[in-house]
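Me: I would like to learn how to read a ligand site and a sheet in a model such as this one. Could you take me through them step by step?

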Amino acid sequence: MNLDNLNERQKEAAMCTEGPLLILAGAGSGKTATMTHRIAYLIEKGISPYKILAVTFTNKAAAEMRQRVERLTGVCPGMWILTFHSMGLRILRENYEAAGYEKNFVVYDTVDQKALLKNILKDLNVDPREYPVNYIGAIISKEKEADRSPQEYLEEEGENFKSKIIYSVYREYQSRLRKNNAMDFDDLLRNTLHLLRDYPDILGEYQRRFLYIMVDEYQDTNHIQYEIIKMLAAASRNLCVVGDDDQCIYQWRGADIRNILDFEKDFKEARVIKLEQNYRSCGNILSAAHSVIRNNKGRKEKKLWTEQEDGHKIVYTRCDNDKEEASYIARQIQLMEGPYRSFDDFAVLYRTNAQSRLFEDALRRQMIPYQVLSGFSFYERKETKDMISYMRLVVNPKDDMAFLRIINEPKRGIGPKSIEKLKVLAEVQGKSMMEVISDPEVAAGLPAKAGVSVMNMAQVIELCREERDNLRISDIYDLLLVRTGYLKSLEDQNTIEAEGRIENLMDFKSFIYDFEKEKEAQGEEATLEEFLEKIATDGDADKYQSESGKVTLMTLHSAKGLEFPVVFMPGMEDGLFPGHRAMDSEEKMEEERRLCYVGMTRAKERLFLTGAAYRVIYGQGDYTRESTFLRELDPKVLDEAGDSVYVPNRRTVNSVGIDTGSLDGFAVPAYKPYDPLQRARKESKVNASGNDSDFNAGDAVAHGKFGRGIVLEADEKTVTVIFEEAGRKKLARGIAPLKKI
Ligand code: ATP
Ligand code: MG
């Protein structure tokens with residue numbers, strides 16, 4: 001029988017098919033494995049696959065679960081193994097009339113959603129600069145997630161100027177979705193909830209159908225998802241939820257950890273089975289993970305054990321700087337790869353996407369194949385590509401591909417018709433689109449607002465082009481970023497996603513700084529042309545493709561449920577991991593700690609923690625402090641010899657050069673890392689603002705590229721300076737990175 005691969009507890013859980021069951025167990029204890037075996041067991045017992053509903057978190061996890069079940073039982077048509085959203089969609093399709101929709105209703109993705117919101121703002125005369133589409137969209141989504149109607153939102157929020165506006169947009173948004181016979185993603189859950197609540201007969205049908213319901217990764221369900229499941233299972237009460245409260249890492253997106261802690265209250269007769277044997281990791285890895293997570297309050301205490309040997313100890317290495325950290329990891333992988341380990345045995349799990357770039361660089365240098373999972377590789381990110389296109393236009397205004405990429409980035413209101421017109425004009429005149437648009441007459445022929453913003457963009461690019469010998473690449477970058485409105489449009493969106501893009505843009509600037517420094521060290525000047533060439537060749541990722549497996553790079557968040565023989569967790573520093581925003585909130589700190597636990601428990605055989613004593617984030621270098629989580633780590637599991645240079649009593653210097661005292665777990669003074677992203681953004685803006693405008697002959701000045709000098713003369717448009725080293729230069733006013741000293 002199938003269940004023979006399971007241990008006694010797992011078997012018990014798999015065979016406990018009647019009544020509510022909570023499988024609460026730590027990472028790698030075989031929760032997902034038990035669930036797939038449980039499904040197979042039900043089918044073998046003669047239960048129709050049609051009566052089984054299994055819900056999980058991602059499409060990838062759902063597909064994998066189906067495969068695992070079918071490996072045990074053969075193909076099972078009619079069985080629902082899917083995500084919450086696809087479950088909602090199916091139920092609503094089957095009952096569109098009761099849900100108040102017509103047949104073939106459509107589902108709006110985020111692009112459609114934004115377009116609709118934009119129209120509404122326009123029609124309601126709401127200024128999108130004050131209420132950006134993404135900002136309002138996020139509020140509406142949150143309200144829908146909490147199952148609050150526009151009216152309920154208003155009551156909750158209290159009537160004020162802002163809440164009334166959001167109320168009216170929200171109401172109009174809902175009514176237009178209806179009119180268009182459309183739902184957004186939140187509706188898929190919310191409408192399902194309402195349907196089941198308002199139509200007892202429909203609910204009854206599903207209750208009779210789904211006699212056996214299972215939910216994996218239960219700790220990350222939100223309120224509505226829980227309500228739906230509770231209703232579906234209310235009659236049969238055969239509900240099995242599987243989760244680990246220590247792995248709840250989506251609270252910031254509405255996951256409610258109470259769902260798991262309260263399960264026993266909602267289902268009083270529930271059996272609770274704890275799985276305590278871990279099959280994934282060696283002893284030392286488990287102890288390490290446990291020693292960190294036990295610092296969280298409000299958790300159900302559970303301790304995992306393993307039959308496996310203790311294995312290697314955890315290696316912690318504090319490198320001198322972030323680049324050294326990346327090459328250290330690449331070297332380690334190179335050393336360990338061989339007959340017993342292939343590249344796909346390794347994973348580098350970092351806290352933020354912005355960290356991936358240094359690892360990509362280091363792995364390329366060592367010719368190690370890698371893949372960046374979920375989220376794009378540094379060179380493939382939209383915002384990086386946009387900025388590269390701007391820079392390409394500075395070097396080569398004939399680059400129509402680049403032009404087409406950025407003409408509406410940020411949105412300038414150039415419709416497809418105008419673009420078509422420009423294309424034709426360019427062809428007729430034998431010019432490039434960029435050249436055509438630099439003609440004021442052409443710009444005047446565009447819709448009024450579009451014309452102005454396009455002219456403005458063309459001017460910025462042209463200025464950068466004329467002045468590029470007088471500017472560093474990073475100056476040009478800042479000018480493009482700020483003066484084309486690109487940065488501003490992201491800031492206006494005010495969403496987590498936009499914030500992430502800004503992080504990436506600032507990280508791209510660090511990359512430019514690196515290039516400039518490298519060149520400087522070689523005594524050469526860094527030109528924009530060379531920089532773009534480097535990008536074009538580096539970006540050619542195909543060179544590194546390989547059949548023999550690849551190292552995986554991904555964020556800790558996306559690593560949930562996965563496992564790897566060797567795991568690296570870089571960036572173990574306060575302010576990075578735990579993240580900057582968690583430093584003054586116990587609640588956020590606990591979520592970060594769970595994330596740390598998730599990361600550590602992905603490792604089967606070896607776990608490497610690293611950090612950098614000096615890190616450049618967004619072009620701003622600073623000394624770091626070792627992560628709080630390192631102080632919590634049981635020193636017994638740390639490798640004292642070899643690579644591990646962790647000395648518990650070492651004194652560390654913080655960002656302003658103050659000794660923060662011994663780090664052995666006692667009396668560490670309050671420490672709040674500065675926010676490097678804010679600082680980097682500000683720097684870009686100051687740099688692109690043209691700095692001082694008022695120069696007179698005789699002023700002593702400093703220039704970003706040429707150093708110190710004295711102003712010879714200044715007129716409306718130019719400033720002429722004699723520099724100590726670079727000699728006499730005529731610079732464009734308002735753009736030259738020039739400061740009085
Ligand atoms: P996570 O919390 O990370 O989602 P999990 O509890 O779902 O982990 P699984 O992914 O199901 O754990 O299992 C972890 C590993 O242990 C897998 O490689 C699985 O094949 C193995 N495993 C599970 N149960 C057993 C068992 N009884 N005997 C041998 N190996 C097992
Ligand atoms: Mg699992």
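Reply: Let us begin with a term: helices (H or I, at least four residues) and strands (E, at least two) are DSSP runs, numbered from the N terminus. This is a predicted model, in which local features need pLDDT of at least 70 and side-chain atom pairs count only at pLDDT 80 or more, while totals for chains, interfaces and linings use all residues. Residues are numbered from 1 along each chain as its sequence is written, and side-chain values use heavy atoms, with hydrogens and water left out.

Me: Which helix gives the largest share of the shell around ligand 1?

Reply: A residue counts as near a molecule if one of its heavy atoms lies within 4 Å of it. Here helix α2 (residues 31–44) supplies the largest share of the shell, 3 residues. Among the 18 residues around ligand 1, those that come nearest are Gln10, Lys31, Thr32, Glu563 and Arg602.

Me: Between which domains does ligand 1 lie?

Reply: Domain bounds come from an automatic or database domain assignment. Because domain 1 (8–96 + 190–277) and domain 3 (291–377 + 545–662) both give residues to the shell, ligand 1 lies between them.

Me: Which atom of ligand 1 is 2.7 Å from the side chain of glutamine 10?

Reply: A polar contact is a pair of N or O atoms within 3.5 Å; within protein, one must be able to donate a hydrogen and the other to accept it, and residues adjacent in sequence count only if both atoms are side-chain atoms. For glutamine 10, an N or O atom of the side chain is 2.7 Å from a nitrogen atom of ligand 1. An oxygen atom of ligand 1 lies 2.5 Å from a polar side-chain atom of lysine 31, and a polar side-chain atom of threonine 32 lies 2.8 Å from an oxygen atom of ligand 1. By the Shrake-Rupley method with a 1.4 Å probe, where for residues only the protein chains shown count as cover, ligand 1 taken alone exposes 640 Å², and the protein buries 79% of that.

Me: In what order do the strands of the parallel sheet stand?

Reply: Two strands pair if DSSP finds at least two bridges between them. The 6 strands of this open sheet follow the order β3-β2-β6-β7-β1-β8, with parallel pairing. Its edge strands, β3 (80–83) and β8 (271–275), each pair on one side only.

Me: Which residue in β8 is the bridge partner of isoleucine 23?

Reply: Strand β1 (residues 21–25) pairs with β8 in the parallel sense over 5 bridges, and isoleucine 23 has isoleucine 273 as its bridge partner in β8.

Note on methods
Chains are lettered from A and ligands numbered from 1 in the order in which they are written.
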